[in-house]
Amino acid sequence: MAEFTVIKESEAPRPSRQSGRLASRMREYEKYVEGVQSGKVGKLTPSRGETPRGIALRISRAGKRLKKNINTWVVDDIVYFQIS
């Protein structure tokens with residue numbers, strides 16, 4: 001069982017923040033989500049070193065951060081997404 005202790009706030013380490021690179025990528029995908037209006041579909045083509053699955057996961061997570069439901073699908077290694 002875990003050991004539970006209560007300490008002063010000043011003794012606790014500060015929470016770590018996302019690295020600049022990760023935060024930048026998160027904002028990039030949030031912009032993609034915000035750029036798709038109702039009745040439209042976003043299209044993301046992976047660049048070298050990226051996988052369609054990774055892109056679909058990042059776009060879905062961006063949608064969750066923005067509280068939007070995202071439908072993603074992959075055809076011929078191209079990721080499509082729509083806000084539902």
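Predicted model: local features only at pLDDT ≥ 70, side-chain atom pairs only at ≥ 80, totals over all residues.
Asp77 is found in the loop between β2 and β3, the latter covering residues 78-83. The phi angle of Asp77 is near 65°, a positive value in a residue other than glycine. With a relative accessibility of 52%, Asp77 counts as exposed, because the cut-off for that class is over 50%.

A second residue may be read alongside it. Lys67 is found in the loop between α2 (52-65) and β2 (70-75). Its phi is near 60°, again a positive value in a residue other than glycine. Lys67 has a relative accessibility of 76% and therefore counts as exposed.

The helices come next. The axes of α1 and α2 come within 8 Å and cross at roughly 80°. Angles of 65 to 115 degrees count as roughly perpendicular, and α1 and α2 are therefore roughly perpendicular to each other. On the side of α1, the contact is made by Arg25, Met26, Tyr29, Glu30, Tyr32 and Val33. On the side of α2, Ile55, Arg58, Ile59, Ala62, Gly63 and Arg65 take part. By class, the residues of this contact between α1 and α2 divide into seven nonpolar, four charged and one polar.

How does the accessibility of Tyr29 and of Tyr32 class each residue, as buried or as partly exposed? Tyr29 has a relative accessible area of 4% and is therefore buried, whereas Tyr32, at 30% relative accessibility, counts as partly exposed.

Trp73 and Tyr80 form a pair as well: their ring centres are 6.0 Å apart and their planes stand at 15°, so the pair is stacked. The reason lies in the angle, because planes under 30 degrees apart count as stacked. Trp73 counts as partly exposed at 34% relative accessibility. Tyr80 likewise counts as partly exposed, at 21% relative accessibility; the class of buried residues requires a value under 20%.

Key:
Residues numbered from 1 in each chain as written. Heavy atoms only, no water. Helix = DSSP H or I, 4+ residues; strand = E, 2+ residues; numbered from the N terminus. Buried < 20%, exposed > 50% of the residue type's maximum accessible area, 1.4 Å probe, protein only. Phe/Tyr/Trp six-rings, centres within 6.5 Å; stacked < 30°, edge-to-face > 60°. Axes fitted to C-alpha atoms, helices over the stretch in contact; angles between N-to-C directions. Parallel < 35°, antiparallel > 145°, perpendicular 65-115°, else oblique. Contact = heavy atoms within 4.5 Å. Nonpolar A, V, L, I, M, F, W, Y, C, P; charged D, E, K, R; others polar.
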